[in-house]
Amino acid sequence: MTNTLDPDRLRDRLAAMDSTAAVAATSVEFVRSPGRVNLIGEYTDVNDGFVLPAAIDREIRIGFVRTDDDRIVLHRSDTGDSGEFSLSDLPTRGQGWLDYAVGTAWALSDAGLRLHGFRGVIETSLPVGAGLSSSAAIELAIARALLGRDADVDPLQLARICQRAENQFVGVQSGLMDQFAVACGRSGEALLLDCRSAEWRPVALPLAEVSLVVCDTGSPRELAKSEYNVRREQCEAAVAALQRMDPSVTSLRDASPAMVQAAEGDGLIDAVVARRARHVVSENARVITTAAALEAGDLAAVADGFRQSHASLRGDFEVSSPALDTMVEIAVGTPGVIAARMTGAGFGGCTINLVRPDAVERLSEAVERDYATRTGLTPRVFPVMPAEGAGFFEPG
Ligand code: GLA
């Protein structure tokens, strides 16, 4: 897999699929939409808290021709699958990968936005289903293509609309982080988002001193969908109990470690719910300290934040997995790796590593050497750069 896709290839495939595209090659337009890694702040977005993701230079691209009818025809070049639907008669859920496109069309129409039909080819340099928000990337890419180049829609608003597609059409009760990062990404920077106010600011990364490296555990994330919603219910149970102690608590954002401890001590929450709440409360604090440490270039403090985050996700929130733990262990045992933790919803997927630039190869070798023998799984290791959010581009 390469970091850039070839626009000519995309154009050729589109032409092969639809002769009108061949006739009017100049009418072929391109959108790109990045994946994301989260540097820190897991399961805090759904608790009104803070997150620190970055869009990455692994992305989904769609080459398409706009049409005057209301049909969407899509071909996936990674799997060879095709699908189509009509904007005026949207199908119900259950079309597999096409759900993301249909759901996005539904959410955009429901927001009163004007959409156009198109025929397009999707290509990806982003591993699909690996926990790097390929679904949010597809949603934002489709949204941009449906709206067209001239649509004046704020990226944050678009992120919210695509989150609605995911929540209400696809059926995962996810927060705003993924769609936000994909829509609002900034080249070379991470994004610190307050999920309560939706205020955000870029956070510069010390990229001369650290490279961002993603390690894909190659393990399936089947549990992620069902367990994700269970975690949300547990957090809601914690909020309901804490509210009885202090009516001003409306989310775990408002809770302190002492409150969680008191609620458990008084028997208002059981040990499992207490651990879930403890993770969220401590993780929120870590996002703030880690963002500040990154800006100050205090890499030892960043390493602490990552270590504590992973331990909390493993022990208290219980969303890590043996594969993720092994990947982190290998990384932190490799000289030159500054910090490592799981990223995203967990249950498989990827880790994010901050690595001295001259140690990237060493990490790659260590993973190649040790990971498969220890887990029986096939890993992938790739450096990423923080990238711009989804939008149109001119192929060079
Ligand atoms: C998934 C969700 C996000 C977020 C993370 C966990 O990626 O889509 O909203 O909750 O999990 O931090």
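A polar contact is taken here as a pair of N or O atoms within 3.5 Å. The model is predicted, and the distances that follow are computed from its atoms.

| Residue | Protein atom | Distance to a ligand oxygen |
|---|---|---|
| Asp-45 | polar side-chain atom | 2.5 Å |
| Gly-175 | backbone N or O atom | 2.8 Å |
| Tyr-228 | side-chain N or O atom | 2.5 Å |

Taken alone, the ligand exposes 310 Å², of which the protein buries 93%. The ligand is placed in the largest pocket, and the residues around the ligand include, besides those in the table, Arg-36, Gly-41, Glu-42, Tyr-43, Ser-174, Met-177, Asp-178, Gly-344 and Ala-345. By residue class, this shell is made up of four nonpolar, four polar and four charged residues.

Which domains supply the shell around the ligand? At least three of its residues come from domain 1 (7–37 + 54–204 + 388–392), and at least three come from domain 2 (211–384).

The largest cavity holds about 60 Å³ of space, and its lining consists of Ile-60, Arg-76, Asp-78, Trp-97, Ile-122, Glu-123, Thr-124, Val-128 and Ile-138.

Note on methods: Residues are numbered from 1 along each chain as its sequence is written. This is a predicted model: local features need pLDDT of at least 70, side-chain atom pairs count only at pLDDT 80 or more; totals for chains, interfaces and linings use all residues. Side-chain values use heavy atoms; hydrogens and water are left out. A residue is near a molecule or strand if one of its heavy atoms lies within 4 Å of it. A polar contact is a pair of N or O atoms within 3.5 Å; within protein, one must be able to donate a hydrogen and the other to accept it, and residues adjacent in sequence count only if both atoms are side-chain atoms. Accessible areas come from the Shrake-Rupley method with a 1.4 Å probe; for residues, only the protein chains shown count as cover. On a 1 Å grid over the protein atoms alone, a cavity is a set of points where a 1.4 Å probe fits but cannot get out, and a pocket is an open set with protein on both sides within 12 Å along at least five of seven lines; lining residues have an atom within 4 Å of a point. A molecule sits in a cavity or pocket if more than half of its atoms lie within 2 Å of its grid points. Ala, Val, Leu, Ile, Met, Phe, Trp, Tyr, Cys and Pro count as nonpolar, Asp, Glu, Lys and Arg as charged, and the others, Gly among them, as polar. Domain bounds come from an automatic or database domain assignment. Grid points are joined across faces, edges and corners, and a volume is the space filled by probe spheres set on the points.
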